[in-house]
Amino acid sequence: MANRWTEKQFKAIRTNGCNILVAAAAGSGKTAVLVERIIRKITAEDGTDVDRMVVVTFTKSAAAEMKQRIREALDAMLQENPGNERLIRQMTLIHNAPITTIDSFCLNIVRNYFTDIELDPGFRIADEGEMKLLENDIMEEMLEEYYASENQVFFDFVDAYGTGRDDTKIVDIILKLYRFARSYPWPEEWFKDCLCIYRQADIDTAEQNAAISYLFDTVRRRFKDYDRQYEKLESICNEPDGPLMYAAAVQSDHAGIRQILDTQSYEELVRKVRLLSFETLGRSRSKDISEVKKAAVKQIRDEYKAYVTKTLQAKLFTKEFANLLEDIRENKPAVEMMMTLAQDFYRRMDTEKRERNVIDFNDMEHMALNILVKKTENGMEYTKAADDLSAYYEEILIDEYQDSNMLQEVILTAVSKGKYNEADNNIYMVGDVKQSIYKFRLACPKLFMDKYSTYTDTDSPNVRIELQTNFRSRENVLECTNDVFYRAMNPYFAEIEYDDRARLNAGFEYPKYQAQNENAMTFADDPDTMIYMIDMNQEKLSPEDEDRSAREREGAAAAALIQRLTQPKEDGSFYMVYDKNAENGYRRIRYSDIVILTRTVSGWADTFVNVLMNEDIPAYCDASEGYFDVREVKLLLSYLAVIDNPLQDIPMAAVMLSFFGRFTTEELTQIRMKDNTKHLYDVMQESDDEKVVQFLKQLDSFREKAERYPVSDVLWELMYDTGYYHYAGTMPAGTQRQANLDMLYTKAAAFEKTSYSGLFQFLRYIERLKKYEVDFAEASVLGENENLVRVMSIHKSKGLEFPVVILAGMGKSINQMDSRGEVVLDTDFGVGTNVVHLDKRIKNPTLLKSAVSQKLIQETISEELRVLYVAMTRAREKLYMIGTVKDAQKAVEGWQAVSDELLAGGWYSYSYEAGLKNYFDMVMPAVLLPQNLRKGTFQIVEFKKEELQVSDDISMEVSQAETDISKEAGQAESDMRQAAEAGEVAKAEMNDAGNGTGQQNPAGQELEKLPDYPYADEPVMKPKVTVSELKKMQQDSDFAETAYMPESLKQAVDEQNEDELLPEFIAGRKKTLQGSRRGTAYHRVMECMDYDTEPENTAVKAFLKRLVEEEKLTKQQADSIRVSDIVAFMKNPLFERMKRAKQAGVFHTEQPFVFIDLSEQSDKSKQDDTNQPDKNNGGQLIQGVIDVYFEEDGSLILVDYKTDKVSKKGGEDELRRRYALQLEYYAKALSQLLQKPVKEKIIYSFSLGKDIVLE
């Protein structure tokens, strides 16, 4: 077994009798090492029982996986040695072994030692929503008492920081402090410690103030960087072709920099910085001066000048040092009030939770701490419970140690044997500080770094073992990662030194592909890391539009890349990926081998999925938010809101227009017009219309039930008894919608177990979740093996690996919002805020706030470096990076200047890292180094924005081979869809009805009637129809008037007349591919048709089997094909005509097209006086894909395949009615594009087994 392990892995498995820190790089097999260590310990003759080892993992799934691995290993050993009592005992104990998350471990301690903290053993764990309600109630009660107390300090605090119409900002400050404090072992002490830096705020003590010292240290570091750069500038100015006319100004600046570096006190430094000034650069008309050198000098000088004038003089050192300290002292009462309020809130919450006998997840850890450790004047004292547990547990193993915090550190130390004597050390920690990316969960990577720097690699009580061999990725992926982070992880800024100890070394040699197909290629043939830079060319857009435009273009680029990867090239070559389970070790690349990683899924994931789906690329995003925005959930919540209080017009309108009411917008408008001064509910009470009466009868019935029954019961009847659940199942993505409804019911049932009850409180519960962004993902209905591209956040990808990674959003700005708030918090410095001078009504940041903000910026950028590291190391075989830049040339010039500084070796400068804006800034200077200074190979491909027009042809140059890729990327209709689904359309109708016709102006005069809209009689249609919508039209039996509408609007219009369909699972039918999926399968077979295949069952079956083997068709798709349908088609005369055309080279399949149909507008224009068609007011942009067309005698024959199930009798006429208009568009498109007449339009119906010629 030892032969499987490297020397360092074996050391990590076998070392005992000390604390061990295993610094395990990405892909180094840390989990396998951890499991092997446990297996060896519990199976040795004198070994430890598995229930005497604490194994703490970061997630429940990781704990379950580790338990399963151990169980499988034990089972395999028992197969070889069935009677081994030791193994049988471990198999019995594994079920109760403490292999779990820190929360579960602490909960177990609390359940076993509840008497030590006087806790009622019947306590219940509250969910997050209940806690939000409780926090809201306690906060309101507390603030009411403070307002009634006439406390002037409190009133001054509210005046200073409570701007706005309510207490929202005050509440946010208190909650922020409350949550931050709870990540510490003793929150009450943290509240007090936060005030320490406010007590060292005079000339005599400022030098000892940790926050102020940090701030001035960062300033000195920046000046040291500029000192080094100015030495280079002086040298450049004095070169023969250098800008000598700049020398005087450069020397003057340099003298000022050195004066700053020579300062002995903070007071002196502030004074000298405030006195800094800049000479005007000299001029020269000499043509001998190098423009490059001139620009280089000017660029660095401009950066230094901006730092001094715009940051130091304008923001930090706006006053003399003594006055800056005075601001801190003046700010102290406000900060003390903040702490008082947060501490009071903490105590009230603790008391209320005790009374209700509920705890939350954070309470588990604090209660466990109070059981194990007592805080005294002399420090910490461990309790008898801690001693008992440490005596019982033989070893403490911590996975993902880099994500621990101080609270967890104290708890796990308390149950270790080495807490009294390091000779008994028994804590085993595994992690990689370069992958510490959970700052938002208050992880403390400093714990790892402190141990990493103090532990040794020799025998001692504290041992460090480094695993740096990566068994996951191809060598170029690893070397490219090394190239970037050798330079980017500056130890003085990022606090991590990426050196030879940290570098990734390839440990797995990918086997050479033994070509079974000469066209197959692996990523060994195409190893370069590709960087796609999309030049937005300084497009002038609002920030919101600019962000959306960038996302869409990146999505289009990603779609083009995926098509290039998954589709054969022009020369017939295609990509293979390594798969140890595949024959010969390699198989054809699939969509599921590709992942798109983004820093955040919010806004990005939906855009990417929409673009990919419009390119016919199956894609999915398992987002962690968006649940409350899906249509079916919003509708039920609206109905519940109406049941609770029917005098809410917007939710009422949404319900009336929905499945439940089935009113049309015209009917809703008529009701509103009866009396626009009353609520809709009151108006309907006076109506005798049968439809209204029945609707109110149902509503009143639910209102009565809501008074007597739990919310979950009311919701059950609302979903099932009305048929809405089954109706949702018949809608597009019906299974997903039903899963969302099931999830809502589960939430309602869980709510009933809280300390709150009733419909009103449930709606408050949901509102609290939405307000504080405690959102959920839509219920997942996908399996792990679904063949689709996944779009996920980098955080969610941690621990996973993919053959191909597309890292998007390289140009997205780093989020620095935490450092810009009114109140900023730091683990070391505490609280920083603005000082507010109420008498002058002005505010400005204190030195302490500037220090905290600067530290947060540093920590954020450092974490973003680690996030980038995680993203790059997810790739096994190929890494792509995609991002937008506003001006590619200017950006590259800036990166090149930084790259030039790296030529002498070393890291990015402290100043450069402090100004990092995005991932491109982190990567590109290293990428632009000469190849002899890099081991990895990159390729940079630059696009102009015009080359990636969303919804137009996407053409891009990949490497040096020109590949034209033409596809439409679609247009999102989310705004219209959301408005329709949320009832906003109804709101607009009511506003029009109540305030439009007959509306009175303030003077009482009737407003002038607007002129009639000249195109009121035109059918409502979208200005553009996408490929996906045309394909939906192929299955739409009612598409004459509504085919061009978004799906949600079409459903709203047709709801009242639509017969309810019986879902397949109710009908008891076997689940197979149906509808559009079955149609897709038939179209795929036709696209791949071998016209030399014999028209008989055996030959067709062999043909389908070959398609599956070649991965051109899935097994499920092949099973949905009726062989007799294909045989019947091959025996049809149409097949022979197509075969002849193919042999003649005039046969075409899956032909995309885009054209503008102006026929109706042109007809109208003939009647206009101008006789000029207005293309802006008419016409329809049509996009689609033609199944087949071929030529005969210089004319075109158009063929479209249909799988609609129609009756033998009347089926032909039905298909003609459904698709005549669609094929008419196809014919127009072909005629316009090819300038040839379409002689025949033919539908081939697989259901009827015949061709149908259209007029």
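1. The hairpin of β32 and β33 has four residues between its strands, and Gly1249 in the turn has a positive phi of about 70°. Strands β32 (residues 1238-1245) and β33 (residues 1250-1254) run antiparallel and are joined by five bridges; strands pair if DSSP finds at least two bridges between them. Ser1245 lies opposite Lys1250 of β33.

2. The model is predicted: local features need pLDDT of at least 70, side-chain atom pairs count only at pLDDT 80 or more, and totals for chains, interfaces and linings use all residues. Residues are numbered from 1 along each chain as its sequence is written, and side-chain values use heavy atoms, with hydrogens and water left out. Helices (H or I, at least four residues) and strands (E, at least two) are DSSP runs numbered from the N terminus.

3. Six strands form an open sheet with parallel pairing, in the order β3-β2-β8-β9-β1-β10. Its edges are β3 (99-101) and β10 (462-467), each with a single partner strand, so one side of each has no neighbour in the sheet. Within this sheet, β1 (residues 19-24) pairs with β9 (residues 427-431) in the parallel sense through four bridges, and Ala23 has Gly431 of β9 as its bridge partner.
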